[in-house]
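Please keep the coordinates open while reading.

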Amino acid sequence: MNVKNEFSKHANEYGNYNIIQQIIAKALVRDIDGEPKKILELGCGSGQIFNHVNWDVDHYKAIDFSAQMCALHPKGPNVEVACMSFDSSEFRDSLQQQYYDVVLSASALQWSKDLPLVIESLTSCTKEINAVLFSSGTFKSIQNITQKPSPILDIDTIKHAFEQYCDCSFEVFTYDLKFDSKKELFAYIKNSGVSSSNSTLCFKEAKHLYKSYDLDYLEFEVIFVKAFSKSYSS
């Protein structure tokens, strides 16, 4: 199952399973400098970043490749929600002659098929990018059992992508999310939107994973990025 279908399939129940994403979104907004008036958000989901923006904005553009997620995002007179992929030429074309005080993204850019290209495109329309990405240490114990590499970018690859075009600061954090039962733990993997690391398993492999996983928690690795364009000039 591809990433788009993974998010769209569980869109209506996503709020029950995105605990880590909510923590990340709140922390990202908390660390924004000032109160930017023109904001672009990549991978907006159902609005976990927007819901923490507690100041007036002139224009908030939120994009997501899932129409179901876009339908759930809050709407308003100063809010534009667009269904498109940040990897698409349509998105890059939409940035022409645009200016944003800041670009925000939480729990989304790790799925980019060409992260350097996305970042290069963003530096044409903003000076500042604040983002947080899941990285390959997420679900590391599952990877050890299945012997399948993470589909998510590793820390070094993420840093290199940003550093090509921006002056950056990085912070890496790990979170453990505990569960009362193995059933709840695997339900979270299925429904959280971070499950594509497990979605390529055949029935036999999935059964082996279920029997072998003896922890009562899942591991998450995230990297916070504050980036300033080396080339943008207003």
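Strand S4 is mostly covered, with 5 of its 5 residues buried. The model is a predicted one, and a residue is called buried here when its relative accessible area is under 20%.

What lies beside S4? On one side, S4 and S5 pair in the parallel sense over 4 bridges. Within that pairing, alanine 106 stands opposite valine 132 in S5. Strand S1 (residues 38-42) also runs parallel to S4 (residues 102-106), and 4 bridges join the two. Leucine 40 has valine 103 of S4 as its bridge partner, and glutamate 41 stands opposite leucine 104 in S4.

S1 is itself a covered strand. Of its 5 residues, 4 are buried, so S1 is largely enclosed by the rest of the structure. S1 also pairs with strand S2 (residues 59-64), in the parallel sense and over 5 bridges. There, leucine 42 stands opposite isoleucine 63 in S2.

These pairings belong to an open sheet of 7 strands, whose order is S3-S2-S1-S4-S5-S7-S6 and whose pairing is mixed. Which strands stand at the edges? They are strand S3 (79-83) and strand S6 (166-178); each has a single partner strand, so one side of each is left without a neighbour in the sheet. Ignoring direction, neighbouring strands of this sheet are turned by 15° against each other on average. Helix H8 packs on the sheet, where it touches S6 and strand S7 (217-229), and its direction makes about 35° with that of S7.

Several residues of H8 are buried, namely Leu185, Phe186, Tyr188, Ile189 and Asn191. What covers them includes helix H2 (19-30), H6 and H9, together with the strands S6 and S7.

H9 deserves a separate look. Two packed helices are described by the angle between their axes and the distance between the axes. For helix H8 (residues 182-191) and helix H9 (residues 203-212), the axes come within 11 Å and cross at roughly 135°. That makes H8 oblique to H9, because an angle over 145 degrees would be needed to count as roughly antiparallel. The crossing of H8 and H9 is right-handed. On the H8 side the contact is made by Lys182, Lys183 and Phe186, and on the H9 side by Leu209, Tyr210 and Lys211. These residues divide into 3 nonpolar and 3 charged, with no polar ones. Phe186 is one of the contact residues and is also among the buried residues of H8.

Most residues other than glycine have a negative phi. Glutamine 97 has a positive phi of about 60° although it is not a glycine, and phenylalanine 139 likewise has a positive phi of about 60° without being a glycine. Glutamine 97 is found in the loop between helix H4 (89-94) and S4. Phenylalanine 139 is found in the loop between strand S5 (128-134) and helix H6 (140-146). Are these residues buried or exposed? Glutamine 97 is exposed, its relative accessible area being 82%, whereas phenylalanine 139 has 1% relative accessibility and counts as buried.

Finally, some totals for the whole chain. The chain has 9 helices and 7 strands. Of its 234 residues, 50% are buried. Among contacts between residues at least 6 apart in sequence, 73% join residues at least 24 apart.

How values were computed. Residues are numbered from 1 along each chain as its sequence is written. This is a predicted model: local features need pLDDT of at least 70, side-chain atom pairs count only at pLDDT 80 or more; totals for chains, interfaces and linings use all residues. Side-chain values use heavy atoms; hydrogens and water are left out. Axes are lines fitted to C-alpha atoms, for helices over the stretch in contact, and angles run from 0 to 180 degrees between N-to-C directions. Angles under 35 degrees count as roughly parallel, over 145 as roughly antiparallel, 65 to 115 as roughly perpendicular and the rest as oblique. A crossing is left-handed if the near helix is turned anticlockwise from the far one by less than a right angle, and right-handed if clockwise. Contact means heavy atoms within 4.5 Å. Ala, Val, Leu, Ile, Met, Phe, Trp, Tyr, Cys and Pro count as nonpolar, Asp, Glu, Lys and Arg as charged, and the others, Gly among them, as polar. Two strands pair if DSSP finds at least two bridges between them. Buried means under 20% relative accessible area, exposed over 50%, partly exposed in between (1.4 Å probe, protein chains only).
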